[in-house]
Amino acid sequence: MISIGLTGWGDHQTLYPEGTNPGKKLEVYSSHFPVVEIDSSFYAIPPERNIRKWIEETPSRFQFVVKAYQGMTGHQRGEIPYDSVSDMFEAFLTAMGPMVEHDKLAAVLFQFPPWFHCTKEHVQYLRFVKQRMQNLPLALEFRHQSWFRGNMRGKTLAFMKEEEWIHSVCDEPQVGEGSIPTVLEATHPALTIVRFHGRNVHGWVNRGQPNWREVRYLYRYNQAELQEWQGYIETLAQESKQVIALFNNNSGGDAADNAKQLQQMLGIEYTGLSPRQLDLFDL
């Protein structure tokens, strides 16, 4: 099974009829795609009322990939706003409870920062995370090449398989140590995630510049690039029961269009989505 979606649901304006209430956007989004990545959980662990609202607004088969809170991945600047690391993980687990209960949690995505190098200390932290997150499905995405450089590639993949980490395969600009290559290998029989970050080299490396976050993912995949990925995804789908492909290239509003293109190329028609809203010209 191949499930295609986007990162977040608020900014993809081409999906929404004019005048759509922001509070209804997830419901409209779920009439187009069967899965979404929640980004807001990276900045703050969402309260239970939000989680339950998202569950109620989406069909029974709809899935969420939830990004791990930044304090859990080492992105947090300064002290974490919890009494202890244990409390932080417990708060996140509690938040995920309703999604687990309703079978809507596809995976928790642990995306580590560029300074998370391949070291014994960091390998031990990954084991710690697996232990603390109990039996939740966990996806792993690196941002430092040391994990896949030379013979470390095989060792990293073997470690992920042994520890039952879901591989988050990336398509992103290749700009040195702060990016990783596309490693087309599944590490978990149940799920592989593919995340499309675009190939905007200039935007990727100019961290700290004005409007950096607004232009970093400014990229539109062309037909040839998507056709290449069509083959990759079909191969990965033979290695995992499900492949979730998420488009994150939305600085220019291109993610939804590229996702629809890939869906068409793969010949996928999703069922069980929310009813599509009619616009002015629908009969």
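1. Let's start with charges: there are 14 salt bridges in this structure. To count, a side-chain nitrogen of Lys or Arg has to be within 4 Å of a carboxyl oxygen of Asp or Glu. Side chains of opposite charge can pair when their charged atoms come close.

2. A quick word on what you're looking at. This is a predicted model, where local features need pLDDT of at least 70, side-chain atom pairs count only at pLDDT 80 or more, and totals for chains, interfaces and linings use all residues. Residues are numbered from 1 along each chain as its sequence is written, and side-chain values use heavy atoms, with hydrogens and water left out.

3. Which residue does R195 meet in a salt bridge? That's E37, at 2.9 Å from N to O. The two come from distant parts of the chain, 158 residues apart: R195 sits in strand β7 (residues 191-196) and E37 in strand β2. (Strands are DSSP runs of E, at least two residues; helices are runs of H or I, at least four; both are numbered from the N terminus.) R195 is buried at 1% relative accessible area, and E37 is buried too, at 0%. Here, buried means under 20% relative accessible area, exposed means over 50%, and partly exposed is in between, using a 1.4 Å probe and protein chains only.

4. Now look at R199 and D171, whose side chains form a salt bridge of 2.7 Å, N to O. R199 is in the loop between β7 and α8 (201-205) while D171 is in strand β6 (residues 166-171), so this pair ties together parts 28 residues apart in sequence. D171 is buried, at 4%, but R199 is partly exposed, at 27%.

5. Another one to find is D257 with R220, where the closest N and O atoms are 3.3 Å apart. D257 belongs to helix α11 (residues 255-266) and R220 to the loop between α9 (212-215) and α10 (223-236), so parts 37 residues apart in sequence get tied together. Both partners are partly exposed: D257 at 28% and R220 at 42%. Elsewhere, salt bridges with shared partners join E37, E141, R143, E172 and R195 into one network.

6. E37 turns up again when you trace the strands. It is the bridge partner of T7 in β2, and β1 pairs with β2 (residues 35-38) in the parallel sense over two bridges. For two strands to pair, DSSP must find at least two bridges between them. β1 is also joined to β8 (residues 242-247) by five bridges, again parallel, with L6 partnered by F247. As for β1 itself (residues 2-7), six of its six residues are buried.

7. On to the rings, with 21 aromatic pairs. Rings of Phe, Tyr and Trp (its six-membered ring) pair if their centres lie within 6.5 Å; planes under 30 degrees apart are stacked, over 60 edge-to-face, and the rest tilted. Y29 and F62 are edge-to-face, with 6.2 Å between centres and 85 degrees between planes. Both are buried, Y29 at 0% and F62 at 2%.
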